[in-house]
Amino acid sequence: MNQKTVPQEVLNTFFPGTSLADVRSYGDGHINDTFLVEASGSSGSGKFILQRINSEIFQHPEELMENIQGVTGWLRKKITEEGGDPARETLNLRLTADGKPIFKDASGGYWRVYDFIENTSCFSQSESAEDFYQSALSFGHFQRLLADYPAHTLHETIPHFHDTPVRFATFEKAVAADSAGRADSVREEIAFVTARREYVHTLVDKQASGILPLRVTHNDTKLNNILIDNETGKGICVIDLDTVMPGLSVNDFGDSIRFGASTGAEDEPDLTKVSCSLELFEAYTKGFLEGCGGALTPAELDSLIDGAIMMTLECGIRFLTDHLEGDHYFKIHRENHNLDRARTQFKLVSDMEAKRSDMEAIVKKLAAELC
Ligand code: ATP
Ligand code: MG
Ligand code: MG
């Protein structure tokens with residue numbers, strides 16, 4: 001089947017009795033196939049987002065949808081209790097005629113439908129510290145609304161996603177195997193990682209011992225996973241919930257800092273252009289703490305910076321591992337692309353390590369004001 005077409009059985013299942021359905025490709029997502037459906041008929045009219053779930057990446061789509069149904073139901077209840085607008089401030093699933101959130105077509109494709117949220121925009125890159133702050137507010141707000149959700153009941157849609165010691169072990173195996181014959185040319189980078197052998201355990205150990213609580217995490221906290229209201233310019237809805245999993249709040253925070261507070265592109269070959277901007281770090285931290293509204297524990301506040309360093313180190317380890325294994329996982333567009341990516345991450349790690357006391361001062365000041 002052409003992935004860009006929607007089988008009639010899918011439309012019949014989600015929109016029974018629909019006399020007219022205009023269906024077209026929509027948005028700039030890279031993972032799922034996304035369509036905008038304009039339907040009218042006896043089962044209701046309106047605009048909807050129809051998605052074919054990427055089941056190569058997500059191998060248990062039913063479990064993923066169980067997570068999304070649980071989390072969006074919870075958000076809807078909380079938003080209603082707080083006097084918000086649940087039709088705009090959370091994704092809302094449209095169920096099949098027999099009450100299911102997912103449908104498997106005859107050729108094995110998995111489909112789901114959300115109500116379309118009108119009058120919003122999605123930006124692929126933050127243009128300013130203000131955009132970054134707005135995204136932090138939204139992800140913090142998401143964390144606050146889900147603070148008492150039983151996170152352990154969620155499925156791990158990608159097992160060991162932020163298990164940094166496991167990533168480290170995979171890296172060590174790749175060094176030992178040296179299947180692409182590149183280990184000798186990257187001794188410096190290998191040494192950078194192995195010098196942090198103990199450090200990679202910091203957060204998982206705190207989670208295992210109960211110092212850091214298990215939370216509902218989003219795991220794809222990019223700016224374009226937030227819908228921004230066209231009138232107010234404010235983030236109103238966190239979308240793209242495929243990677244919602246049990247995890248650490250500081251990892252969601254840290255991943256945002258990793259890509260959003262860097263002064264250079266993720267694959268910038270000129271490392272003099274790559275550093276962690278304290279201005280952007282402060283903007284995001286302010287928004288996140290404001291959004292969280294006191295939901296974070298003191299131990300989480302103390303671990304925010306480790307979240308940023310850990311996510312950056314982990315990402316660098318993954319790029320370097322892929323370089324050592326011959327570039328099987330991340331697509332490359334030039335020679336040594338994954339090595340360049342690993343180097344930007346390690347440069348950021350060093351820079352954050354050097355700026356740790358400045359970053360701590362920022363967190364302390366903002367926590368005193370906002371928590
Ligand atoms: P990514 O590459 O970020 O993983 P994806 O393939 O998982 O993306 P989504 O982020 O879920 O896809 O959706 C793609 C785009 O569709 C979004 O960026 C947004 O523009 C739009 N979109 C998704 N859901 C809605 C909705 N309920 N209302 C309006 N627009 C939406
Ligand atoms: Mg997305
Ligand atoms: Mg996605």
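Among contacts (heavy atoms within 4.5 Å) between residues at least 6 apart in the chain sequence, 73% join residues at least 24 apart. The model is predicted: local features need pLDDT of at least 70, side-chain atom pairs count only at pLDDT 80 or more, and totals for chains, interfaces and linings use all residues. Residues are numbered from 1 along each chain as its sequence is written, chains are lettered from A and ligands numbered from 1 in the order in which they are written, and side-chain values use heavy atoms, with hydrogens and water left out.

The chain has twelve helices and eleven strands. These are DSSP runs, numbered from the N terminus: helices are H or I of at least four residues, strands E of at least two. The radius of gyration is 21 Å, close to the 21 Å of the globule rule for 371 residues, so the chain is as compact as a globular protein of that length. The radius is taken over C-alpha atoms, and the rule is 2.2 Å times the number of residues to the power 0.38. Along the principal axes, the C-alpha atoms fill a box of roughly 65 × 50 × 40 Å. Of the 371 residues, 51% are buried, meaning under 20% relative accessible area (1.4 Å probe, protein chains only).

Aspartate 240 lies in the loop between strand E10 (235-238) and strand E11 (245-247). Two OD entries of Asp240 coordinate the magnesium ion (ligand 3), at 2.1 to 2.3 Å. Donors are N, O and S atoms within 2.8 Å of the metal (3.2 Å for Na, K and Ca); water is not among the atoms, so sites may look incomplete. Aspartate 240 also coordinates the magnesium ion (ligand 2), 3.9 Å from ligand 3.

Definitions and conventions. Buried means under 20% relative accessible area, exposed over 50%, partly exposed in between (1.4 Å probe, protein chains only).
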